[in-house]
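Thank you all for coming; I would like to walk you through one structure this morning.

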Amino acid sequence: MDYKVKLNGKEYGLPIVEIKEGLSIAVFDMLSSAELSKDAALALFERIKESEIDLSKVDVVISAETKGVILAYQIAEYLNCEMVILRKEHKVYHPLVTKGAVNTYTTKNEHFLYLDNNQIPKMKGKNVLIVDDVVSTGSSLAAIETILNSIGANICGKAFVFAEGDAAEREDIVYVNALPLL
């Protein structure tokens, strides 16, 4: 059974998967479909344009690996601005990093998001738009905010394709569609 959603005027079925006893989610796996990825990015961009986020002031779009890469790239292309991706592993070729802790429904243990400190000059004192595929617990978002605040970046907006569960009640984010926790 799938959970039906609309993105960019097209209907998609998201598989429902139990992630722990008594809790299932509709899985948004945009990495498995170029069409879904394109529609998600366009739907998100259209939603951002309708919001109160001043797109003329966005200097950088930031997201986290892995699905966020597609969204950050596409939104940065639409806005003709820079993008930065936070890594989920500390890479040896990024010896100096700034990190933020993450605990989510879909990961087993606490992990971190890592910013290559060479990217800090792109964002320090600049307006940064956070984009990602799904916000649920808010843990990944909090880690991104912690990193951006620690380097002196100005968060000018937070936008997601889906807000899951209670995240749909947040007033500090923009999202395309809500997803229930099942």
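I will go through a sheet, then the nonpolar cores, and then the aromatic pairs.

Please keep in mind that this is a predicted model, in which local features need pLDDT of at least 70 and side-chain atom pairs count only at pLDDT 80 or more, while totals for chains, interfaces and linings use all residues. Residues are numbered from 1 along each chain as its sequence is written, and side-chain values use heavy atoms, with hydrogens and water left out.

Let me start with an open sheet of 3 strands, ordered β1-β2-β3 and paired antiparallel; strands here are DSSP runs of E with at least two residues, helices are runs of H or I with at least four, both numbered from the N terminus, and two strands pair if DSSP finds at least two bridges between them. β1 (2-7) and β3 are the edge strands with a single partner each, so one side of each has no neighbour in the sheet. Between β1 and β2 (residues 10-20) there are 6 bridges in the antiparallel sense, and Asp2 has Pro15 in β2 as its bridge partner.

Turning to the cores, a nonpolar core is a set of buried Ala, Val, Leu, Ile, Met, Phe, Trp, Tyr and Cys residues joined through side-chain atoms within 4.5 Å, where buried means under 20% relative accessible area, exposed over 50%, and partly exposed in between, with a 1.4 Å probe and protein chains only. The largest such core has 32 residues, and Leu7, Phe28 and Leu129 are among those with the most contacts inside it. Helix α1 gives the most to this core, with 7 residues.

How many aromatic pairs does a search of the whole structure find? There are 3 aromatic pairs, where rings of Phe, Tyr and Trp (its six-membered ring) pair if their centres lie within 6.5 Å, and planes under 30 degrees apart count as stacked, over 60 as edge-to-face and the rest as tilted. One of them joins Phe28 and Phe162 edge-to-face, at 4.8 Å centre to centre with 75° between the planes. Because Phe28 lies in the loop between β3 (23-26) and α1 (34-50) and Phe162 in strand β9 (residues 154-164), this pair ties together parts that are 134 residues apart in sequence. Phe28 is buried at 3% relative accessibility, and Phe162 is buried at 0%.

Another pair, Phe45 with Tyr78, is tilted, at 4.6 Å centre to centre and 35° between the planes. Phe45 is buried at 10% relative accessibility, whereas Tyr78 is partly exposed at 31%.
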